[in-house]
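Dear colleague,

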Amino acid sequence: MSTPSHFLKQLIPPVRQWQGPKTDRLVRKPGKFGLGQVPANVVPDATTTMVCGFCATGCGLNIHMKENEAVGLTPATEYPVNLGMACPKGWEALTPLQAKDRATAPLLREQRGGQLEEVDWDRAMVVFCERIKEIQAKHGKESVAFLSTGQIVAEEMAFLGALSKFGMGMKHGDGNTRQCMATAVVAYKQSFGFDSPPYTYQDFEESDVIVLIGSNLCIAHPIMWQRVERNPHNPEIVVIDPRKTETAVAATQHYPIAPKSDLVFFYGLARLLLEKGYVDHKFIAAHCEHFDEFEKHIAQFTPDEVEKRSGISIAQLDQLAETIGAGKRVSFWWTMGVNQGHEAVRTAQAIINIALMTGNIGRPGTGANSITGQCNAMGSRLFSNTTNLLGGHDFSNQADREKVAEALAMNPELIPTETGWAYDQIIEGIHAGKIKALWVVATNGSHSWIHQEQYREAMEKLDFLVVQDMYATTETVEQADLLLPAAGWGEKDGVFINSERRIGLVKKVAKAPGSALSDFNIFRLIAQYWGCGEMFSRWSSPEHVFRILTKISQGQPCDISGIDSYRTLDELGGIQWPCRPEDVEGLTQDNQRRLFSDGRFFHANGRAKFLFSDPVEVAEPTDDEFPFILLTGRGSSAQWHTQTRTKKSAVLRKLYPQSIYVEVHPEDAEKLGIEPNDTITVHSRRAEVTVTAMVTPTVQPGQLFMPMHYAKTNQLTKASFDPFSRQPSYKFCAVRVVR
Ligand SMILES: Nc1nc2c(c(=O)[nH]1)N[C@H]1C(S)=C(S)[C@@H](COP(=O)(O)OP(=O)(O)OC[C@H]3O[C@@H](n4cnc5c(=O)[nH]c(N)nc54)[C@H](O)[C@@H]3O)O[C@H]1N2
Ligand SMILES: Nc1nc2c(c(=O)[nH]1)N[C@H]1C(S)=C(S)[C@@H](COP(=O)(O)OP(=O)(O)OC[C@H]3O[C@@H](n4cnc5c(=O)[nH]c(N)nc54)[C@H](O)[C@@H]3O)O[C@H]1N2
Ligand code: SF4
Ligand SMILES: [Mo]
């Protein structure tokens with residue numbers, strides 16, 4: 001076995017030679033470009049196609065290169081997802097790689113209160129391992145945890161999950177997917193028996209009724225919206241959202257539901273559908289269970305009750321029931337307006353129940369469809385070793401542990417027998433003194449986590465905070481003891497899994513700056529310095545790991561053992577799971593598949609379950625002191641999350657307000673004497689923040705909306721969680737406004 005420092009020399013310049021995309025096979029003669037992005041004086045000599053690194057739509061981008069380096073990009077016309085389209089972030093995807101604040105060398109803060117100072121990788125690795133081993137020796141192995149992401153390639157996620165839990169003995173690790181997808185994961189697992197979004201994007205084009213719930217598709221998934229626009233069936237487009245969003249304006253029906261009244265609303269809708277006879281009893285009898293109990297449960301949710309709780313009138317509810325009843329192919333799509341709630345899992349399942357009872361699943365243009373957020377959210381759901389064991393397996397199941405151990409050629413005893421703590425429990429664990437060191441990879445919790453002060457205090461309490469990021473200036477890096485500089489999208493190889501379960505390829509088309517390494521190589525290095533390099537000797541390249549993962553997936557609903565190489569993915573324009581060896585034949589460039597076409601679900605008896613509960617009160621209702629509801633979410637198609645990437649593009653920066661604003665309804669503005677662009681303060685029980693007033697009827701009276709892209713927003717939010725998924729309820733807290 002080579003020594004760590006010997007190993008280091010293989011990975012780090014000057015020994016490391018940059019070689020561009022791995023082999024010729026993944027590049028081809030330059031394609032047609034000319035459109036915008038390639039500088040006029042540069043003549044590319046090759047083009048390669050890869051998947052965008054922002055949202056879960058997973059658009060294909062043609063990267064045009066000269067001498068092995070990306071010089072521009074254009075949306076891929078032949079990729080089955082985007083068909084030649086991209087949103088502003090996609091067009092600008094290469095720009096953030098050039099930013100001045102890229103982390104180019106490891107930075108170490110020797111003492112709290114001191115400065116972060118440049119060190120070499122050897123020193124960084126020695127400190128990383130020594131400090132963590134010291135803390136584990138003193139406080140137990142489980143006193144060290146990690147927080148990861150839905151934005152690195154699946155091979156890296158799996159590496160982090162395996163290295164931390166099997167190699168370093170950690171028990172607790174979670175990801176920002178908790179902030180985002182946990183609700184859908186739990187809802188699907190309980191209802192269908194596996195975390196299985198059933199749709200393919202073609203369904204957007206094949207529905208005659210499209211119901212979007214808590215989803216602002218026009219700005220959060222603009223290219224999915226383009227697919228809706230291509231629908232030739234003149235569909236009814238229904239938006240259920242308290243705000244008159246860009247999507248609501250473009251829809252044919254908008255139901256401005258009272259925030260967090262969705263559960264009552266959907267139970268009432270189910271009752272009405274039943275009453276009107278719009279129910280597929282044959283499908284229910286053949287493929288579902290617990291419908292009788294559900295029928296009894298919903299009896300109490302009369303149209304009257306719905307009107308009282310949701311603000312949607314009896315006539316409007318009736319219109320929606322008629323629309324769904326008349327639809328031949330009705331699809332239901334939900335995003336964060338559902339997932340981020342205090343009773344989110346049951347709300348998602350109330351949507352699933354409506355799709356099931358009307359037989360709108362498994363056929364073209366139908367489905368109970370959770371739209372994912374980040375480029376590789378689905379990858380993290382299946383392969384990050386956080387909420388489940390690699391490949392959608394179960395930590396607590398011995399057969400699963402043995403199967404995974406065998407595929408990894410390791411001792412099954414090294415696999416923990418329980419899932420670790422959820423994100424919020426890790427933060428709580430830090431406050432309780434149980435977690436002493438934290439390793440944060442590709443997420444920026446000091447900005448994005450709920451009730452920010454509590455999070456930041458937790459970071460201060462740690463004995464050791466390591467952050468692994470592309471940039472040296474994020475809010476979380478500001479609190480770090482050690483920064484490990486990472487390569488970003490475009491600077492490394494691997495796969496992402498998009499919202500329709502499509503595994504797509506990401507390629508190295510640019511050099512990471514300075515001595516920044518891919519997350520993959522950082523993990524290899526750590527394994528060597530930690531002393532478990534032997535265990536990961538087969539994890540020598542992303543493609544090797546991909547093959548290991550395909551093997552682990554065998555026999556699971558997400559079986560991808562039919563995908564033999566990156567080349568196959570490249571040639572086909574991505575492949576949706578499942579892809580067993582017998583599925584491969586016949587897959588063509590525009591391969592489109594959906595789940596449940598045979599009516600069999602993943603529970604042992606093959607049946608889907610109707611699941612439900614009584615609605616409960618939100619954690620922080622409004623009152624006389626804090627009379628407004630604060631909603632939060634995406635602000636524009638040009639902003640990505642905490643903006644570490646998108647704010648680096650001058651083009652994107654022109655497309656949104658530079659400083660934080662709050663949307664206020666004109667009636668409220670008038671009552672409070674607020675003029676457009678006034679500086680106002682918004683107070684919650686946790687903080688007060690100064691913002692610019694944007695007076696607009698997009699919000700209803702009594703409600704405010706603030707985009708999440710500005711760090712101040714989460715100073716206000718209230719830490720409350722869905723009890724099943726432990727996903728934060730970002731979209732409801734009580735505030736007041738002062739001019
Ligand atoms: N441009 C851009 N695109 C993105 C992202 C980004 O940062 N920028 N992030 C990506 C990620 S990770 C995600 S998760 C997705 C998120 O995508 P979306 O979920 O579509 O975006 P949000 O704006 O968070 O929330 C959607 C809507 O939920 C509504 N809502 C709030 N409360 C309720 C409620 O109680 N009931 C209902 N029915 N609706 C409610 C809000 O008014 C909002 O319009 O976007 C992805 N795409
Ligand atoms: N109030 C409110 N808060 C929210 C939400 C909301 O609707 N309202 N939405 C929530 C949701 S759905 C989400 S998904 C989260 C997102 O929250 P975060 O994950 O915290 O947001 P990002 O800005 O995407 O952070 C990703 C980080 O990874 C870094 N990075 C990017 N690529 C790489 C890479 O390849 N390697 C490494 N090592 N680092 C990389 C980026 O520089 C950035 O610092 O926010 C949540 N927070
Ligand atoms: S829609 Fe999403 S995947 Fe497509 S270009 Fe925009 S950010 Fe990238
Ligand atoms: Mo998300």
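Domain bounds here come from an automatic or database domain assignment. This is a predicted model, in which local features need pLDDT of at least 70 and side-chain atom pairs count only at pLDDT 80 or more, while totals for chains, interfaces and linings use all residues. Residues are numbered from 1 along each chain as its sequence is written, and side-chain values use heavy atoms, with hydrogens and water left out.

The assignment places domain 1 at 23-98 and domain 2 at 107-175 + 378-493 + 516-541. Taken over C-alpha atoms, their centres lie 31 Å apart.

Contact (heavy atoms within 4.5 Å) joins ten residues of domain 1 to five residues of domain 2. Together the two domains bury about 600 Å², 67% of it on carbon and sulfur atoms; buried area is the accessible area (1.4 Å probe) that two parts lose on being put together, summed over both. On the domain 1 side, Met50, Gly53 and Leu97 lose the most area to domain 2, together 64% of what that side buries.

Between domain 1 and domain 2 there are zero salt bridges (a side-chain nitrogen of Lys or Arg within 4 Å of a carboxyl oxygen of Asp or Glu). Strand E1 (46-51) and strand E2 (60-66) each supply at least two residues of the domain 1 side that touches domain 2; strands are DSSP runs (E, at least two residues), numbered from the N terminus.

Yours sincerely

Methods
Chains are lettered from A and ligands numbered from 1 in the order in which they are written. Helices (H or I, at least four residues) and strands (E, at least two) are DSSP runs, numbered from the N terminus.
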